[in-house]
Amino acid sequence: MKPGVEDVGVSTENTLSTSFCHGGLTGLEDKTVDGAYQMSHSWALDHVPARQAMSGLHRLHRYLKDKGWEITSYSEGEQGNWDLFAKRDDGAERMSFSWYPDREYFTGGASVPCAYDPAWQEGDVGPSGDHQTPPALGPRSGT
């Protein structure tokens, strides 16, 4: 899957986004931290049938638990959608996955803690790291 998105919520998606990091001990101050940014990766697949989506979410749930992630929410179609939310490092890293059966649409996302951009310079506009492009996604080879 190539980087980008044509039609949000309908087509495939593979995007990175950045946001400002805020100062203070809890990060709740209104002041941004120069040269720091938080990055998120979003992706989506269309035309994912129930069999593949359900088995994929089951495997993700098991894998993340085995790797020490805290599962914060896991629903198997109770509200129509299938959802899995996980975090680790006290919530600094988060992942989410959802499958929408009415559209056969599977989404995922991950966010990581704030990092510093070593190339940042005084006067730069926008969050650091804002011009990153995700790699193309596809099936693993050899499996």
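**Figure 1. Trp43 and Phe97 form an aromatic pair in the predicted model.** Both Trp43 and Phe97 are buried, where buried means under 20% relative accessible area, exposed over 50% and partly exposed in between (1.4 Å probe, protein chains only). This is a predicted model, in which local features need pLDDT of at least 70 and side-chain atom pairs count only at pLDDT 80 or more, whereas totals for chains, interfaces and linings use all residues. Residues are numbered from 1 along each chain as its sequence is written, and side-chain values use heavy atoms, with hydrogens and water left out. Rings of Phe, Tyr and Trp (its six-membered ring) pair if their centres lie within 6.5 Å; planes under 30 degrees apart count as stacked, over 60 as edge-to-face and the rest as tilted. The search of the whole structure finds two aromatic pairs. In the pair of Trp43 and Phe97, the ring centres are 6.2 Å apart and the planes stand at 50°, so the pair is tilted. Trp43 belongs to strand 3 (residues 32–45) and Phe97 to strand 6, and the pair links distant parts of the chain, 54 residues apart. Helices (H or I, at least four residues) and strands (E, at least two) are DSSP runs, numbered from the N terminus.

**Figure 2. Trp43 also pairs with Phe106.** This pair is stacked, at 5.6 Å centre to centre and with 15° between the planes. Trp43 in strand 3 and Phe106 in strand 7 are 63 residues apart, and their pair links distant parts of the chain. Phe106 is buried, as is Trp43. Ring pairs join Trp43, Phe97 and Phe106 into a cluster.

**Figure 3. The charged end of Arg103 sits over the ring of Tyr100.** The distance to the ring centre is 4.6 Å. A charge sits over a ring if NZ of Lys or CZ of Arg is within 6 Å of the ring centre and within 35 degrees of the ring normal.

**Figure 4. Helix 1 and its buried side.** Helix 1 (residues 50–66) has 17 residues and reaches 24 Å from its first C-alpha to its last, close to the 24 Å expected at 1.5 Å a residue; the expected span is 1.5 Å times one less than the number of residues. Its buried residues are Ala53, Gly56, Leu57, His61 and Leu64. They cover an arc of only 135° around the axis, which puts them on the same side of helix 1; the arc is that of the directions from the helix axis to the C-beta atoms. The buried residues of helix 1 pack against strand 4 (70–76), strand 5 (82–88), strand 6 (93–100) and strand 7 (105–111), a contact being heavy atoms within 4.5 Å. Exposed residues Arg51 and Asp66 lie on the face of helix 1 turned away from its buried side. Gly68, whose phi is positive, near 90°, follows helix 1.

**Figure 5. Cys21 and Cys114 form a disulfide.** Their sulfur atoms are 2.0 Å apart, and a disulfide is a pair of cysteine sulfur atoms within 2.5 Å. The link is left-handed, with -110° about the S-S bond. Cys21 lies in strand 2 (residues 13–22) and Cys114 in the loop between strand 7 and strand 8 (115–116), so the pair ties together parts that are 93 residues apart in sequence. Cys21 counts as buried at 3% relative accessibility, whereas Cys114 is partly exposed, with a relative accessible area of 46%.
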